[in-house]
Amino acid sequence: MKYYIVIPAHNEQDLIGLTLDSLVSQTVLPAKVVVVNDNSTDKTEEIVLGYAKKYPFISVVNKTSDAIHMPGSKVIQAFQKGFETLDSDYDIIVKIDGDLIFPSNYFETIIKHFESDPKIGMVGGFCYIEKNGDWILENLTDKDHIRGALKAYRKETYQQIGGLKPSMGWDTVDELLCKYYNWKIVTDESLHVKHLKPTGANYNKTARYKQGEAFYTLGYGFTITAIASAKLAMMKKKPFLFFDYIRGFWKAKKAKTPLLVTPEQAKFIRNYRLQKMKQKLI
């Protein structure tokens, strides 16, 4: 199976080389790697061009955008810019961040999962962060969720879910739509990926309300949003974030912000989420 990778990168001069080193060391190499240099003011482009000279499957695309790091929209707009430069001769499309180090067997293992069952639509490993010299699991989500930093999609799945939405919540709605269309999602706990920058390190203050807005646009409704907000705030060990998330939800509702899903999909999502919550209580 042939896989293409798109890497949105903003000011990643210190880390992008480590990510690319881990990609060119894969036991099964990517057919194409596109790095989208998103408005960087450092040497990101220069570093990637150095790799592109050495490895013909690596290329760089430049994008100008707002320098403010808003979760979701900025990164997916950059991803889209890179994706548009690719042909359709791939089996798996991968979106990764420019601050990861992959084990050398990562993509060989990902491919094996896809080959094992034609109904598997998404596969991913787990992000680990460094703490006091040890690499520990970056425990922000459930074990059955693939982190936005390392998403791999079967081509047919990617097309059926309508690609990636340029909005916060993109890395949740993709999985919920996978479920809606009866695709399976596989997370492999044997695949430890080093995440060199903890999630959300660059978010600005307005981003805090974006999480609640994301819950609204996913069609969660208030009850599920309140439970999800409480859980996320506790996981981040910042209980006061709960109030920001709730405020974000009501702001989005009041502004009649468009949903990322159809009414039918929203209904499926609410039922699915409630079912999952009930399972955890039992």
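**Notes on the model**

1. In helix H7, which covers residues 207-217, the buried residues are Ala207, Gln211, Gly212, Ala214, Phe215, Tyr216 and Thr217, where buried means under 20% relative accessible area, exposed over 50% and partly exposed in between, with a 1.4 Å probe and protein chains only. The buried residues of H7 pack against helix H8 (221-235) and helix H9 (241-254), contact meaning heavy atoms within 4.5 Å. Just after H7, Gly219 adopts a positive phi of about 80°.

2. This is a predicted model, in which local features need pLDDT of at least 70 and side-chain atom pairs count only at pLDDT 80 or more, while totals for chains, interfaces and linings use all residues. Residues are numbered from 1 along each chain as its sequence is written, and side-chain values use heavy atoms, with hydrogens and water left out.

3. The protein contains 10 helices and 9 strands, taken as DSSP runs numbered from the N terminus (helices H or I, at least four residues; strands E, at least two). Among contacts between residues at least 6 apart in sequence, 77% join residues at least 24 apart.

4. The radius of gyration is 18 Å, which agrees with the value near 19 Å that a compact globule of 282 residues would have; the radius is taken over C-alpha atoms, and the globule rule is 2.2 Å times the number of residues to the power 0.38. Along its principal axes, the C-alpha trace spans about 55 × 40 × 40 Å.

5. Of the 282 residues in the protein, 50% are buried.
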